[in-house]
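Thanks for coming. I will walk through one structure this morning, going from single residues to the contact between chains. Please have a look at it before I start.

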Amino acid sequence: MKFAVIVFPGSNCDVDMYHAVKDELGEQVDLVWHDADNLDQYDGILLPGGFSYGDYLRSGAIAHMSNVMAAVKKAAEAGKPVLGVCNGFQILLESGLLPGAMLRNKNLKFICRTVELSVQNNETMFTSLYEKGEKISIPVAHGEGNYYCDEATFATLKENNQIVFTYASDVNGSLSDIAGITNEKGNVLGMMPHPERAVDELLGSADGLKLFQSIVKHWRDSHVVNA
Amino acid sequence: MYKVKVYVTLRESVLDPQGKAVQQSLSSLGYRGVEDVRIGKYMELQFDDSVTDVEGTVKEVCEKLLSNPVIEDYRYEIEESANQ
């Protein structure tokens, strides 16, 4: 399986993401600059964390107008897995690939620590190797991770099981402790916590690795004969 | 030439933790009558004469980029300004 890690000016978790895939997952991966206009050769798209365009205007607001985003949308429409982490999640929200928006953390502080998440939905291509309700430890590092959406959107999220990860206890004021959601089709996941920073016990937790392994499993099951 | 002033504010239904912190700070300074503070953004855009539909363009950029309709409202003022 071949992944693209999209690099925007100001991305800073791109190399972590690259090594998580290359060294821990053992799959192919390229760093792809934001002006690329074709992602057809990739089976999965990863939008890393950071501060694209210095978070000017709003987090992710400028990056979502990047040239590469048309290709990301195309990949999403084709059903390919698209994962946005932290700033990547914010970019997916700005681009409309995921519903809702991010507000500043309730306590106005940048929060950087490992938190406990609950896997709310393990029937997605991103979470099939987790147990439903499993508690996992994944680091967060953000100032604007306070997820917000209107009531109608929230009802739809619940109805379609789009809420995939929640914080085990309140971290940033997010609506219903939401930490990660998918689109309706289930192939676009945005999450504030950083699974790529939790792929080896040496890093303090390897709980994020199963997320990437789930993506690969889903791809193998549908693309490789006798997988 | 047109000078456009754009104000982007958080929707009424959206909590503004920053505004709340400022309101509390004002209150602790003794300004107890300040009931609420909402923080927004102010932008100035300068249009040259090549833009024919200034108002239409302003609305378009407000909706596309300058504000996020999920959490923000915008309003604008258009002023004619002299060529410099």
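Is A:D55 buried, partly exposed or exposed? A:D55 is partly exposed, because its relative accessible area is 21%. For the cut-offs, buried means under 20% relative accessible area, exposed means over 50%, and partly exposed is in between, with a 1.4 Å probe and protein chains only.

Before I go on, a word on the source. This is a predicted model, in which local features need pLDDT of at least 70, side-chain atom pairs count only at pLDDT 80 or more, and totals for chains, interfaces and linings use all residues. Residues are numbered from 1 along each chain as its sequence is written, chains are lettered from A and ligands numbered from 1 in the order in which they are written, and side-chain values use heavy atoms, with hydrogens and water left out.

Back to A:D55. This residue sits in the loop between β3 (44–47) and α2 (68–77) of chain A. Helices and strands here are DSSP runs, H or I of at least four residues for helices and E of at least two for strands, numbered from the N terminus. A:D55 is not a glycine, yet its phi is positive, about 60°. A:L108 is another non-glycine with a positive phi, about 65°. A:L108 lies in the loop between β5 and β6 of chain A, and with 26% relative accessibility it counts as partly exposed.

Next, helix α3 of chain A, residues 87–95. How many of its nine residues are buried? Nine of the nine are, so the helix is mostly covered. Among the buried residues are A:F89, A:I91, A:L92 and A:L93, along with A:Q90 and A:E94. Just after α3(A) comes A:G96, with a positive phi of about 85°.

In the loop between α3 and β5 (101–103) of chain A we find A:G100. A:G100 has a relative accessible area of 7% and is therefore buried. What does A:G100 touch, leaving aside its neighbours within four places in sequence? A:G100 is in contact with A:L93, A:Y147, A:Y148, A:C149 and B:V70; contact means heavy atoms within 4.5 Å. From A:G100 to A:A141 there are 41 residues along the chain, and their C-alpha atoms are 20 Å apart.

Now A:N146, in strand β8 (residues 146–148) of chain A. A:N146 is buried, because its relative accessibility is 8%. The side chain of A:N146 comes to 3.0 Å from the backbone oxygen of A:R104. A polar contact is a pair of N or O atoms within 3.5 Å; within protein, one must be able to donate a hydrogen and the other to accept it, and residues adjacent in sequence count only if both atoms are side-chain atoms. Not counting residues up to four places away in sequence, A:N146 touches a list of residues including A:M102, A:L103, A:N105, A:N172 and A:S174.

A:T124 lies in the loop between β6 (111–119) and β7 (135–142) of chain A. A:T124 has 10% relative accessibility and so counts as buried. A polar atom of the A:T124 side chain is 3.0 Å from the backbone nitrogen of A:F126.

On to helix packing. α1 (residues 14–25) and α5 (residues 209–223) of chain A pack at about 70°, with axes 11 Å apart. That makes α1(A) roughly perpendicular to α5(A), a term for angles of 65 to 115 degrees. The axes are lines fitted to C-alpha atoms, for helices over the stretch in contact, and angles run from 0 to 180 degrees between N-to-C directions. A:M17, A:E24 and A:L25 of α1(A) meet A:L209, A:F212, A:Q213 and A:V216 of α5(A).

Last, the two chains. Chain A gives 15 residues to the contact and chain B gives 17. About 1200 Å² is buried between chain A and chain B, with 67% from carbon and sulfur atoms. Buried area is the accessible area, with a 1.4 Å probe, that two parts lose on being put together, summed over both. In chain A, the residues losing the most area to chain B are A:L57, A:R58 and A:Y148, together 41% of what that side buries.

Leaving aside neighbours within four places in sequence, B:L65 is in contact with A:L57, A:R58, A:A61 and A:M65.

Terms used: Angles under 35 degrees count as roughly parallel, over 145 as roughly antiparallel, 65 to 115 as roughly perpendicular and the rest as oblique.
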